[in-house]
Amino acid sequence: MRQAEGVARPRSAIEEDLVGFLRRSLPADARLLHDLVIGGCRTDVVAVLEDRLLVFLVRDRREGLDGLGDAVRAIAEVASSVTIVAHR
């Protein structure tokens with residue numbers, strides 16, 4: 001479950017798949033954080049590694065991609081990478 005404004009809500013299927021992939025692919029000591037705010041923008045999943053900060057923004061059909069440019073620029077100031085995971 002994710003915490004959003006103090007209310008638990010389920011993660012999307014896309015985010016669940018992403019988390020599963022990251023757990024299988026990243027080193028065992030990587031930490032996965034959810035709903036972290038970076039540069040004033042809410043992220044969906046952040047992988048914290050010893051030398052890198054990998055940020056993932058998950059978008060489904062309802063959310064679309066509008067307005068992601070500003071978020072990506074703000075997050076990229078502190079993150080090693082910003083990846084947008086979107087439903088096709």
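This report covers the fold, the sheet, the nonpolar cores and the salt bridges of a predicted model.

## Overall make-up

The protein chain holds 2 helices and 8 strands. Read from the N terminus, its elements follow the order β-β-α-β-β-β-β-β-α-β. Of the 88 residues in the protein chain, 33% are buried.

Among contacts in the protein chain with a separation of 6 or more, 42% are between residues 24 or more positions apart.

An open sheet is built from 4 strands in the order 3-6-7-8, with mixed pairing. Strand 3 (31–34) and strand 8 (81–86) are its edge strands, each pairing on one side only. On average, neighbouring strands of this sheet are turned by 20° against each other, direction ignored. Helix 1 (residues 13–25) packs on the sheet and touches strand 3, strand 6, strand 7 and strand 8. The direction of helix 1 makes about 155° with that of strand 7.

Within the sheet, strand 6 (residues 45–48) pairs with strand 7 (residues 53–59) in the antiparallel sense, over 4 bridges. Ala47 stands opposite Leu54, which belongs to strand 7.

## Nonpolar cores

In soluble globular proteins, nonpolar side chains tend to be buried together. In this model, the largest nonpolar core has 13 residues. Those with the most contacts inside this core are Leu22, Leu26, Leu32, Val45, Ala47 and Phe56. Helix 1, strand 6 and strand 7 are the elements that give two or more residues to this core. The most comes from helix 1, with 4 residues.

Leaving out residues up to four places away in sequence, Val45 touches Glu15, Leu18, Val19, Leu22, Leu32, Leu33, His34, Leu54, Val55 and Phe56. A second, separate core has 9 residues, including Cys41, Val46, Leu68 and Ile75.

## Salt bridges

Side chains of opposite charge can pair when their charged atoms come close. Searching the whole structure gives 5 salt bridges. One of them joins Asp70 and Arg73, whose closest N and O atoms are 2.7 Å apart. Asp70 and Arg73 are separated by about one helical turn, because they lie 3 residues apart in helix 2 (residues 68–76). Both Asp70 and Arg73 are exposed. Elsewhere, salt bridges that share partners join Asp35, Arg42, Asp44 and Arg59 into one network.

Asp44 has 2% relative accessibility, so Asp44 counts as buried, the cut-off for buried being under 20%. A further salt bridge links the side chains of Arg52 and Asp51, at 3.5 Å from N to O. Arg52 counts as partly exposed because its relative accessibility is 39%. Asp51, at 61% relative accessibility, counts as exposed.

Key. Residues are numbered from 1 along each chain as its sequence is written. This is a predicted model: local features need pLDDT of at least 70, side-chain atom pairs count only at pLDDT 80 or more; totals for chains, interfaces and linings use all residues. Side-chain values use heavy atoms; hydrogens and water are left out. A salt bridge is a side-chain nitrogen of Lys or Arg within 4 Å of a carboxyl oxygen of Asp or Glu. Buried means under 20% relative accessible area, exposed over 50%, partly exposed in between (1.4 Å probe, protein chains only). Two strands pair if DSSP finds at least two bridges between them. Axes are lines fitted to C-alpha atoms, for helices over the stretch in contact, and angles run from 0 to 180 degrees between N-to-C directions. Contact means heavy atoms within 4.5 Å. A nonpolar core is a set of buried Ala, Val, Leu, Ile, Met, Phe, Trp, Tyr and Cys residues joined through side-chain atoms within 4.5 Å.
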